[in-house]
Amino acid sequence: MLSLNTNAEAIYAANIMFTSGKGLTVDGLYKTDMLIANSEQRMLPRVGKLVVLLDSSKLGKQAGMLFAELHNIHLLITGKEADAEIIAALKRQGLNVLLA
């Protein structure tokens, strides 16, 4: 959704949006590429579900800007080696987690 046309995002919508980032805490998902993050944030109101695919080493980390608050994330897919305490804390906040 990178576009110089500021009205272009009105034509985009999705049932499911897949994204990633540089960190995830109980506050939410963090991203460091501000151009991509700002572009994707404009689409968030028009998606049914937000799915985060994140390397388990990034759990518990804050880096860059807070892209999406945890309550706006429907599913986290991460590695089986993820820290059990961090996963438990995320689940206590209501996040669905799939360890793959």
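Tutor: A nonpolar core is a set of buried Ala, Val, Leu, Ile, Met, Phe, Trp, Tyr and Cys residues joined through side-chain atoms within 4.5 Å. The model discussed here is predicted.

Student: Which pattern does the protein follow along the sequence?

Tutor: The secondary structure comes to 2 helices and 7 strands. Read along the sequence, these elements follow the pattern β-β-β-α-β-β-β-α-β.

Student: What share of the contacts with a separation of 6 or more is accounted for by residues 24 or more positions apart?

Tutor: The protein has 100 residues, of which 38% are buried. Among contacts with a separation of 6 or more, the share from residues 24 or more positions apart is 66%.

Student: Which residues have the most contacts inside the largest nonpolar core?

Tutor: The largest nonpolar core has 21 residues. The elements giving two or more residues to this core are α1 (34–43), β4 (47–53), β5 (65–69) and α2 (84–92). Within the core, the residues with the most contacts are Leu24, Leu59, Ile73, Leu76 and Leu95.

Student: Which residues does leucine 59 touch, not counting residues up to four places away in sequence?

Tutor: Leucine 59 is one of the residues with the most contacts inside the largest nonpolar core. Not counting residues up to four places away in sequence, leucine 59 touches Leu24, Leu54, Leu76, Thr78, Ala82, Ile86, Ile87 and Leu90.

Student: Where do the buried residues of α2 lie around the axis?

Tutor: The buried residues in α2 are Ile87, Ala89 and Leu90. Their arc around the axis is only 160°, and therefore they lie on the same side of α2.

Student: Which exposed residues are carried by the face of α2 turned away from its buried side?

Tutor: What covers the buried residues of α2 includes β2 (23–25), β6 (75–78) and β7 (96–99). The face turned away from that buried side carries the exposed residues Ala84, Glu85 and Arg92.

Student: Which residue caps the N-terminal end of α2?

Tutor: The cap involves a side-chain oxygen that lies 2.8 Å from the backbone nitrogen of glutamate 85. The residue that supplies this oxygen, and so caps the N-terminal end of α2 through a pair of N or O atoms within 3.5 Å, is aspartate 83.

Student: What follows α2?

Tutor: The residue that follows α2 has a positive phi, near 95°. That residue is glycine 94.

Student: Where do the buried residues of α1 lie around the axis?

Tutor: The buried residues of α1 are Ala37, Ser39, Glu40 and Met43. Their arc around the axis is only 165°, so they lie on the same side of α1.

Student: Which strands are included in what covers the buried residues of α1?

Tutor: One of the buried residues of α1 is glutamate 40. Not counting residues up to four places away in sequence, glutamate 40 touches Met17, Thr19, Lys31 and Phe67. What covers the buried residues of this helix includes β1, β3 (28–31), β4 and β5.

Student: Which residue caps the N-terminal end of α1?

Tutor: Here a side-chain oxygen lies 3.2 Å from the backbone nitrogen of leucine 35. The residue that caps the helix in this way is aspartate 33.

Student: Is threonine 19 buried or exposed?

Tutor: Threonine 19 lies in strand β1 (residues 14–19). Leaving aside neighbours within four places in sequence, its contacts include Leu29, Lys31, Glu40, Leu50 and Phe67. Its relative accessibility is 5%, so threonine 19 counts as buried.

Student: At what distance from the ring centre of phenylalanine 67 is lysine 31?

Tutor: Lysine 31 joins the side chain of threonine 19 through a polar contact of 2.6 Å. Another polar contact, of 2.9 Å, joins the side chains of lysine 31 and glutamate 40. Lysine 31 also lies over the face of phenylalanine 67, and its distance from the ring centre is 4.8 Å.

Student: How many aromatic pairs does the structure hold?

Tutor: For two rings to pair, their centres must lie within 6.5 Å. The number of such pairs in the structure is 0.

Student: How far apart in space are methionine 43 and alanine 14, C-alpha to C-alpha?

Tutor: Methionine 43 lies in helix α1 and counts as buried at 14% relative accessibility. Methionine 43 and alanine 14 are 29 residues apart in sequence. In space, their C-alpha separation is 8.6 Å.

Student: What separates the C-alpha atoms of arginine 42 and tyrosine 12?

Tutor: Arginine 42 is also found in helix α1, and its relative accessible area of 33% makes it partly exposed. Arginine 42 and tyrosine 12 are 30 residues apart along the chain, and their C-alpha atoms are separated by 9.8 Å.

Note on methods
Residues are numbered from 1 along each chain as its sequence is written. This is a predicted model: local features need pLDDT of at least 70, side-chain atom pairs count only at pLDDT 80 or more; totals for chains, interfaces and linings use all residues. Side-chain values use heavy atoms; hydrogens and water are left out. Rings of Phe, Tyr and Trp (its six-membered ring) pair if their centres lie within 6.5 Å; planes under 30 degrees apart count as stacked, over 60 as edge-to-face and the rest as tilted. A charge sits over a ring if NZ of Lys or CZ of Arg is within 6 Å of the ring centre and within 35 degrees of the ring normal. Buried means under 20% relative accessible area, exposed over 50%, partly exposed in between (1.4 Å probe, protein chains only). Helices (H or I, at least four residues) and strands (E, at least two) are DSSP runs, numbered from the N terminus. Contact means heavy atoms within 4.5 Å. The arc is that of the directions from the helix axis to the C-beta atoms. A polar contact is a pair of N or O atoms within 3.5 Å; within protein, one must be able to donate a hydrogen and the other to accept it, and residues adjacent in sequence count only if both atoms are side-chain atoms.
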